[in-house]
Each structure stands twice: as C-alpha cells, then as structure tokens.
Amino acid sequence: MTAGAPNILIVMADQMAPAFLPIYGHALTRAPNMQELAKNGVVFESAYCASPLCSPSRASFMAGRLPSRTRVYDNASEFSADIPTFAHHLRLRGYRTILSGKMHFCGPDQLHGFEERLTTDIYPADYGWTPDWDRPDERPSWYHNMSSVAEAGVCVRTNQLDFDDEVAFSSERAIFDIARSNDRRPFLLVASFTHPHDPFAVPQRYWDLYRDEDIDLPGPAVPLALLDPHSRRLRHVCAMDAEPVTEAQVRAARHAYLGAISYVDDNLGRLMQALKSSGLGEDTIVILTSDHGEMLGERGLWYKMSFFEGASRVPLVVASPARFAPRRISASVSLLDILPTLVDLAGGDAAALGSPTDGRSLAPHLTGRHGHDEAIGEYLAEGAIAPIVMIRRGALKFIDSPADPDQLYDLECDPGERDNLAASPDHAVKIAEFRAEIGRRWDLAALDAEVRESQRRRRLVDQALSKGEIRAWDFQPFRDASRQYMRNSLDLDDLEAMARFPRVKGP
C-alpha cells in the first residue's frame, strides 16, 4: 500500500439524470450539497454509463468492462465471481472496502471484493427477471409500466424510502466506526441509494420544496410514425401506449422526481457532514455519480434502456480540493473509467493492471492534463431484439444495431437528438468510419447468439430453482449482537472510552 493513500467515498444514485441537476444547469432543483461538492470538485459534463440499465451498468462500473465482457447483459445476469472489480484491486492495495446499499449483484457472490456489506440489496439476486429475445412481443409482468407516472405524488413511506434511510444510516455509522476504530487502513466506502428511481413518490416535505406550476413539462413527443424501432419497442415493453398518462400525471411525476433528487442531496450532505465531524474529510476523495439516467417523458419516453442522452448520460463529480483544482471537463468519459481511476488514486498504476479493462483512467482530466474523449456503450436487455451499441466521440454519437437503422446525432448542434444524420450524404464518410469501427470492436452476430443462449440457460435454471425448497442468493447482513452496545463480556469503561468520539483525553 502506498503511504498516505486517500480514503474514497463513492455516493451513487439510481436513475439520476444530469439534465435535472443544478450542477448541470437545471434552475429549479434544490440540491445544495451537490452544488457545494461541484464547486470544490471536477465536474464531468459528458459522462456515460456503459449500459442504460441497473445491473449491466453497475457491473461495468465495478469491473471496468463492457457488458459483453462481464456477461451481465440484463438485470438477471450473473456477475461472475472471477471478474476483478475495483473493490478487489483496492483491497489488494490495503484498503478496507465497504458497501452500503444497492449494487444489484445477481448470483451467489454478493460481495465482489467488498470486505464488508452493511445492507442487503433492494432488488432480487436470482434469474427471475431474465428477458426473452425469442419472444419479443410478450410483455412480462415485471417490466416497467406506467403506474409509476399515473400514481406519482406524495407518500408517507415507500419501499425505497425504507431502503435508502437504512443505506444513509449505515453509511454514516460506518464513517464514525472507522474514525473510532484502531484500523488505520484507508477505506473505500460505496453508499448506493435507489432514489430518484421510480416509482415517483416522495414525502410531503420534499414535495413542498417545489410548486406544481413551476415544474417544466417535457419537450414535444416524437410522433409515433417517426420514432426509431427501438423506441417503439420500449413503448410496448413499458406499456406506454396501453396506459396513456395525462399532463397532470406527467407534471406530478417530474415534481416527485425533483423531490427525490433533493432527498438524495440531503443524504449526500449527511455523509459529507459525517466526514467533516469525524475528521476524515480532508483526506477523503468523494465521487458522486449514478448508474444511468431517466427520460422522464422526453421524446415521449420514460425510464431508461436507450442511448438517448436522458437515459445514458450520468452525473460525475470527483472532489478533493487539496488534490484537484475545481474545473469542468467537456470531454466524453465513461463509468468504465472508474476502476482504472481508483487504482491510480490509490497509488497504483492503472496501465499495469494484470486484468485488462475497457476503461481509461481519468487522472489526466483530474490533474488538468489532456485526457481521452470517448464513451462506448452496449445495450443487451429488454426492448432490444439484437445487440445495440453506441460510440460517443467529439460532438457525435453513433448508435448501431443489426436489427435497426443506424442513428447519428451531432450533440453540439442538436442536443435534443431530433435530427438523425445517418442517411445524410454529408456524413457518409463519417458513418462509414463508425460502421468499420463497430466491425472491428464487435462480432455482433456472435454476441447476439451468446445473449440468447444465456437467456435460455437462465430461464431454465430459474424455473428449476423455483421448485421445492428455495435457497435465496440475496445478501443476509450479519450482526453479532453479542458484541454490540453494552454486554457483560465487555469491559464497560473500555467500551465507553472506545465508542465515544472524539475520545476524552486522559489526565
């Protein structure tokens, strides 16, 4: 371990789109803790997930590999235990690695390099949510539907509030436990919240931060006849056409979404205050991000599952004022870049990793040097009928699938992605270059076959494991109550002295 290696806190939200954050220009959203972090940090203005869906994105985030290499194609794909993650790499470098909250690991390994996991996951660890590309017209009951929009509004409690309140408490407590302990290892703590993911329901105090009449509505929907085929499939998969929503329901969903962002912001502030109060703040690098975005009615679409900006672009802030001067980075980067970046930040050499990754370290961007400008993505889950791949470089985004017409957007001239340039003669050379690059990067026919075979295997296994006695893979947090609080096996004076922070100085 490198002497003086920094602590690292990663705060991850779920389905939090940059377009709705004040640090990316949204004038209405109240998120003062994010703003403070951004003011003192490096803000990436064009960061992307590797796949716009929870499990594939999170596995790629942790492993630095595209879904085709992690084989986490969808929300029911097993994340293999033999794939190194940033938790493995930092643990090798002497870090104490801790996870609190959601990471949506499917399969028996529910740690993936974390030494400690403080909570269970909010989502199941089994194969029950496996898509079926062989039956694209069937809409399983577990897919998104429009109830999250139709029923948006105020709540007292939800499943997600129960979960995220536990995540915040466990993370805050972990920070103070670290400060009180005799374990002097640097720590990596991932605090992963499930808000502002739908359903769009928030307590009254977060709803009341915004006036209904101030909530902006989405831009005009793309007419159905002009929608790209994948968007039409998403409308079917999520029952958007079967369950139309009113303008009032759309406004309520966006209202609650902003309230949920403010809730996430409060939890970020709670952890930042814990770092400060514990004396750990000065030596901790804080990273804020999300696993993917949310369309929130833009283009007539909801949720994620596409490579449009709302679904695939993510917030990314890296803050450590003593190490990195505040700046904003316009170059495109990826969550794939987090693993090599963390290795570099921990004093290692990302270029010398024994296991190759698809990401590149953000260290040059963080230190004011020239860094890369590229993000690569894959989508291999529900709503697709063949692999969908994306290349973002410079102003251009190219989206390709063997099943669909190409899409090319110039995001400088057309940030709303309304003008598909793929058929434009003026861009024929660039389109040919992108197609050639895709041919070099992927064997899409082989990938298609592997995804389908994986789906068939998992559906068979899931059906079998649901019969007879069921042994769940879901993580079971263990707490040894015999070592908590006050017990007769513990010396009262020693316990109180160790648990009190800061410790009382002796005479």
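Q: Is Arg96 buried or exposed by its relative accessibility?
A: Buried means under 20% relative accessible area, exposed means over 50%, and partly exposed lies in between, with a 1.4 Å probe and protein chains only. Arg96 has 12% relative accessibility and therefore counts as buried. The model is a predicted one, in which local features need pLDDT of at least 70 and side-chain atom pairs count only at pLDDT 80 or more, whereas totals for chains, interfaces and linings use all residues. Residues are numbered from 1 along each chain as its sequence is written, and side-chain values use heavy atoms, with hydrogens and water left out.

Q: With which residue do the side-chain atoms of Arg96 meet in a salt bridge?
A: A salt bridge is a side-chain nitrogen of Lys or Arg within 4 Å of a carboxyl oxygen of Asp or Glu. Arg96 meets Glu116 in this way, at 2.7 Å from N to O. Helices (H or I, at least four residues) and strands (E, at least two) are DSSP runs, numbered from the N terminus. In those terms the pair links distant parts of the chain, with Arg96 in strand S3 and Glu116 in strand S4, 20 residues apart. Glu116 is partly exposed, at a relative accessible area of 23%.

Q: How many salt bridges does the structure hold?
A: There are 41. One of them joins the side chains of Arg58 and Asp14, at 3.5 Å from N to O. Arg58 counts as buried at 0% relative accessibility, and Asp14 counts as buried at 0%. Another salt bridge connects Arg328 and Glu45, whose closest N and O atoms are 2.7 Å apart. Here Arg328 lies in strand S10 and Glu45 in strand S2 (residues 41-48), 283 residues apart. Arg328 is partly exposed at 43%, and Glu45 is partly exposed at 29%. Salt bridges also link Asp134, Asp448, Arg452, Glu453 and Arg456 in a network.

Q: In what order do the strands form the open sheet?
A: Two strands pair if DSSP finds at least two bridges between them. The open sheet has 8 strands in the order S4-S3-S6-S1-S8-S9-S2-S10, and its pairing is mixed. Strand S4 (116-117) and strand S10 (327-334) stand at the edges with a single partner strand each, so one side of each has no neighbour in the sheet. Within the sheet, strand S1 (residues 7-14) pairs with strand S8 (residues 284-290) in the parallel sense over 7 bridges. Ile8 has Ile285 as its bridge partner in S8.

Q: Which residues of helix H1 are buried?
A: Burial along a helix can be read together with the directions of its side chains. In helix H1 (residues 32-39), the buried residues are Met34, Leu37 and Ala38. They cover an arc of only 95° around the axis, taken from the directions from the helix axis to the C-beta atoms, which puts them on the same side of H1. The face turned away from that buried side carries the exposed residues Pro32 and Lys39. Contact means heavy atoms within 4.5 Å. The cover over the buried residues of H1 includes S2, helix H9 (247-278), S8 and strand S9 (313-319).

Q: How many disulfides are counted?
A: A disulfide is a pair of cysteine sulfur atoms within 2.5 Å. By this rule the count is 0. Cys106 is in no disulfide, and the nearest cysteine sulfur, that of Cys54, is 10 Å away. Cys106 is buried at 1% relative accessible area, whereas Cys413 counts as exposed at 67%.

Q: Which backbone details deserve a look, beginning with the peptide bond that joins His195 and Pro196?
A: That bond is cis, with omega about 0°, and Pro196 is found in strand S6. The peptide bond from Asp198 to Pro199 is also cis, with omega near 10°; Pro199 lies in the loop between S6 and strand S7 (201-202). His112, although not a glycine, has a positive phi of about 50°. His112 is placed in the loop between S3 and S4 and counts as buried at 0% relative accessibility.
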